[in-house]
Amino acid sequence: KMQMIQEDVFGFADKNKSKFDLSWSFGTVEHFKGNNRIEFLATHINVLLPGGICVASAPYKYAINYRIWKFIAEYYQEWQYGLELPYSKTEFRKNLKIIGNINVSSFVFTEGRPCLSKGINILRRHNKLAYASVGLVLKLFAIMKLRLKPFYFRDLICIALRS
């Protein structure tokens, strides 16, 4: 039987220790800093039964298009997402090691240009010259069939198993 629960993440694990087969977090973990980043992930691990799966997604720290979009949005004061600190594989591994009882199964990247498109739209509204320049560079990339992997990465998805 599938059960969906929506609740404040902090303190949730105490009431629901080892109850679930799956914990899922998309677009949340990056909004915490310091020990709250670890505590947030710990909640997702501690609610799992042994063998349970944790899936956590965050913007990828080295995603070029994400970084460009975030910079442009912050520069033109159009960033709507508050504190957002992207993750790397290393940080996911380090934090999960601190938590314990969890093994990283794999990492998956989502790809695409939605971030860059959002940044380009901001430039179109605020800086026509920059907008035209970025458009020219992207056209050159297309003509040359360049597909730089980190440029097209967006999110890093960590899949881990509770031991």
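Guide: The axes are lines fitted to C-alpha atoms, for helices over the stretch in contact, and the angles run from 0 to 180 degrees between N-to-C directions. The model is predicted, with local features needing pLDDT of at least 70 and side-chain atom pairs counting only at pLDDT 80 or more, while totals for chains, interfaces and linings use all residues. Residues are numbered from 1 along each chain as its sequence is written, and side-chain values use heavy atoms, with hydrogens and water left out.

Visitor: How many helices and strands are there in the chain?
Guide: The chain has 7 helices and 4 strands. Helices (H or I, at least four residues) and strands (E, at least two) are DSSP runs, numbered from the N terminus. Their order along the sequence is α-β-α-β-α-α-β-α-α-α-β.

Visitor: What does the C-alpha trace span along its principal axes?
Guide: The span is about 55 × 30 × 30 Å. Of the 163 residues, 40% count as buried; buried means under 20% relative accessible area, exposed over 50%, and partly exposed in between, with a 1.4 Å probe and protein chains only.

Visitor: And which share of the contacts comes from residues 24 or more positions apart?
Guide: Such residues account for 81% of the contacts in the chain with a separation of 6 or more. Contact means heavy atoms within 4.5 Å.

Visitor: Now the helix pairs. At what angle do α3 and α5 pack?
Guide: Helix α3 (residues 64–75) and helix α5 (residues 114–126) pack at about 30 degrees, and their axes are 8 Å apart. The two helices are therefore roughly parallel to each other.

Visitor: Which residues make that contact?
Guide: From α3 they are Asn65, Tyr66, Ile68, Trp69, Ile72 and Ala73, and from α5 they are Cys115, Leu116, Lys118, Gly119, Ile122 and Leu123. By type, 9 are nonpolar, 2 polar and 1 charged. In this count Ala, Val, Leu, Ile, Met, Phe, Trp, Tyr, Cys and Pro are nonpolar, Asp, Glu, Lys and Arg are charged, and the others, Gly among them, are polar.

Visitor: What about α5 with α6? How do their axes cross?
Guide: The axes of α5 and helix α6 (residues 128–144) cross at roughly 145 degrees and come within 6 Å. On the α5 side the residues are Leu116, Ile120, Leu123, Arg124 and His126, which meet Lys128, Ala130, Tyr131, Val134 and Leu138 of α6. This contact divides into 7 nonpolar, 1 polar and 2 charged residues.

Visitor: Are α2 and α4 roughly parallel or roughly perpendicular?
Guide: Helix α2 (residues 35–46) and α4 pack at an angle of about 65 degrees, with axes 9 Å apart, and are therefore roughly perpendicular to each other. Arg37, Ile38, Leu41, Ala42 and Ile45 of α2 meet Glu91, Phe92, Asn95, Leu96, Ile98 and Ile99 of α4. The residues of this contact comprise 8 nonpolar, 1 polar and 2 charged.

Visitor: Where is Lys19 found?
Guide: Lys19 is in the loop between α1 (12–15) and β1. With a relative accessible area of 49%, Lys19 is partly exposed. Lys19 touches Val47, Leu48 and Leu49, again not counting residues up to four places away in sequence. From Lys19 to Arg67 there are 48 residues in sequence and 37 Å in space, C-alpha to C-alpha.

Visitor: Which phi does Gln77 have?
Guide: Gln77 is not a glycine, yet has a positive phi of about 55 degrees. Most residues other than glycine have a negative phi. Gln77 is found in the loop between α3 and α4 (89–99) and, at 75% relative accessibility, counts as exposed.

Visitor: And Asn101, what is its phi near?
Guide: Phi of Asn101 is near 60 degrees, a positive value in a residue other than glycine. Asn101 lies in the loop between α4 and β3 (102–111) and counts as partly exposed at 47% relative accessibility.

Technical notes
Angles under 35 degrees count as roughly parallel, over 145 as roughly antiparallel, 65 to 115 as roughly perpendicular and the rest as oblique.
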